[in-house]
Amino acid sequence: MSEKPRTVSGMRPTGPLHLGHYFGVLRNWIDLQEREQAFFFVADWHALTSDYADPSAIRRNIDEMVKDWVAAGLDPEKCVIFRQSDVKEHAELSLLLSMITPVSWLERNPTYKEQQQQISNKDLGNAGFLCYPVLMAADILMYRPHGVPVGEDQLPHMELTREIARRFNYLYGETFPEPQALLTPAAKCPGLDGRKMSKSYGNGISLSEPMASIRDKVRGMFTDKARLRKSDPGDPDICNLFPYHVLLSSPEEQMEIRRGCTSATLGCVDCKKIFLKNLAAFLEPLQERRAKLDDKAVTDILAAGGERARAFAATTMNAVREKMGL
Ligand code: TRP
């Protein structure tokens, strides 16, 4: 087994990945695969915790998500790409960790309380949803990583994972290193309406979206709401579009845009054109790579990755079973 530091992360297959996923997390994964022994998986069991009543979309979303990952630059030769449900050891470890996890830790988890309140179209009173963080702790601790690249919203889950690791080590002896969250240096990527980019708000640009559809959306997008005419000077720091230039335009272009906007010589229509040009240059190679991936390619990637993940998981489970007297 290689001596590189290890890392692991997963995403729920909830739909097409958008720019927010890319700049928030995926870019970090692509970077990590170069330096670390990285495990990246599709968290299909986690998707079931909330979508158990209608799982029809999950199956399709799994393959699409793997395509998005590989198109964006994850390389199955450099990292292990697999599907959570292909590695049954995750379920076994989750069960064993649930023995030592107080229910009160799960009930006071802020994400749990928040989602219970906010999501009204699904029933989340099931045990699987309460135990979501235990399964996530199992996903992570299985690979004994030093770090886990996640978005900020996952920090409460990371804290619980560390607490569970500490409790295991205290009860049965040092087994799991406490993993750190590896946050991407804050990339601001708001949705087209200024709220957080999210599938449920329908305000995102997905990585596989045709440019024609993106053009329509961007045309209707708000910029600096206080700037009504081109002859009014604008303020990039409150503009909804400017954060995208920070992500996609060269530093020189950003300076020119800032100057043009604040001096009222560059209008929002032309500014959007620059954005669309740079976005197309970013998305085109990605979409070309995606078009070459068929379902067979995805099946092969997941089969090979599942085998490597299971081999690693087996070593952790041997140690865990022994420590727990099994
Ligand atoms: N909870 C994560 C999310 O919603 C997905 C996830 C499941 C995960 N297991 C994980 C992330 C393990 C990192 C490590 O995004």
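Reader: Which residue is the bridge partner of Val42 in strand 3?

Author: In this predicted model, the bridge partner of Val42 in strand 3 is Arg83.

Reader: Which way do the residues of strand 3 point, and are they buried or exposed?

Author: Val80 and Phe82 point one way from strand 3, while Ile81 and Arg83 point the other way. In a regular strand the side chains alternate between the two faces of the sheet. All four of these residues, Val80, Ile81, Phe82 and Arg83, are buried.

Reader: Why is the pair of Trp29 and Phe40 called stacked?

Author: A pair of aromatic rings is described by the distance of the centres and the angle of the planes. The centres of the Trp29 and Phe40 rings are 4.3 Å apart, and the planes stand at 5°; pairing asks for centres within 6.5 Å and stacking for planes under 30 degrees apart, so the pair is stacked. The pair links distant parts of the chain, with Trp29 in helix 1 (residues 19-35) and Phe40 in strand 2 (residues 37-42), 11 residues apart. Both Trp29 and Phe40 are buried.

Reader: What makes the pair of Phe82 and Tyr143 tilted?

Author: The ring centres of Phe82 and Tyr143 are 5.9 Å apart and the planes are at 50°, whereas a stacked pair needs under 30 degrees and an edge-to-face pair over 60, so this pair is tilted. Phe82 belongs to strand 3 (residues 80-83) and Tyr143 to the loop between helix 8 and strand 4 (147-149), 61 residues apart, and both are buried. Ring pairs also link Phe82 and Tyr143 with Phe39, Phe41 and Phe312 into a cluster, and the structure holds 15 aromatic pairs.

Reader: How do you know that Arg195 lies over the face of Tyr201?

Author: The distance from Arg195 to the ring centre of Tyr201 is 4.0 Å, and the rule asks for CZ of Arg within 6 Å of the ring centre and within 35 degrees of the ring normal. Lys225 likewise lies over the face of Phe222, at 4.9 Å from the ring centre.

Reader: Why is helix 8 described as largely enclosed by the rest of the structure?

Author: A residue is buried at under 20% relative accessible area, and 10 of the 10 residues of helix 8 (residues 132-141) are buried, so the helix is largely enclosed by the rest of the structure. Among them are Tyr132, Met136, Asp139 and Leu141.

Reader: How many cavities are counted at 30 Å³ or more, and what lines the largest cavity?

Author: The count comes to 1 cavity of 30 Å³ or more, and the largest cavity has a volume of about 80 Å³. Of the 14 residues that line the largest cavity, Arg227, Cys239, Cys261, Cys268 and Cys271 are the closest to its centre. The lining has 9 nonpolar, 3 polar and 2 charged residues, and at least two residues come from each of helix 11 (242-248), helix 12 (251-262) and helix 13.

Reader: Which element gives the largest share of the lining of the second largest pocket?

Author: Helix 13 gives the largest share, 5 residues. The second largest pocket holds about 290 Å³ of space, and its 17 lining residues divide into 7 nonpolar, 1 polar and 9 charged.

Definitions and conventions. Residues numbered from 1 in each chain as written. Predicted model: local features only at pLDDT ≥ 70, side-chain atom pairs only at ≥ 80, totals over all residues. Heavy atoms only, no water. 1 Å grid on protein atoms, 1.4 Å probe; cavity = no way out; pocket = protein on both sides within 12 Å on 5 of 7 lines; lining within 4 Å. Points joined across faces, edges and corners; volume = space filled by probe spheres on them. Helix = DSSP H or I, 4+ residues; strand = E, 2+ residues; numbered from the N terminus. Nonpolar A, V, L, I, M, F, W, Y, C, P; charged D, E, K, R; others polar. Buried < 20%, exposed > 50% of the residue type's maximum accessible area, 1.4 Å probe, protein only. Phe/Tyr/Trp six-rings, centres within 6.5 Å; stacked < 30°, edge-to-face > 60°. Pairing = 2+ DSSP bridges.
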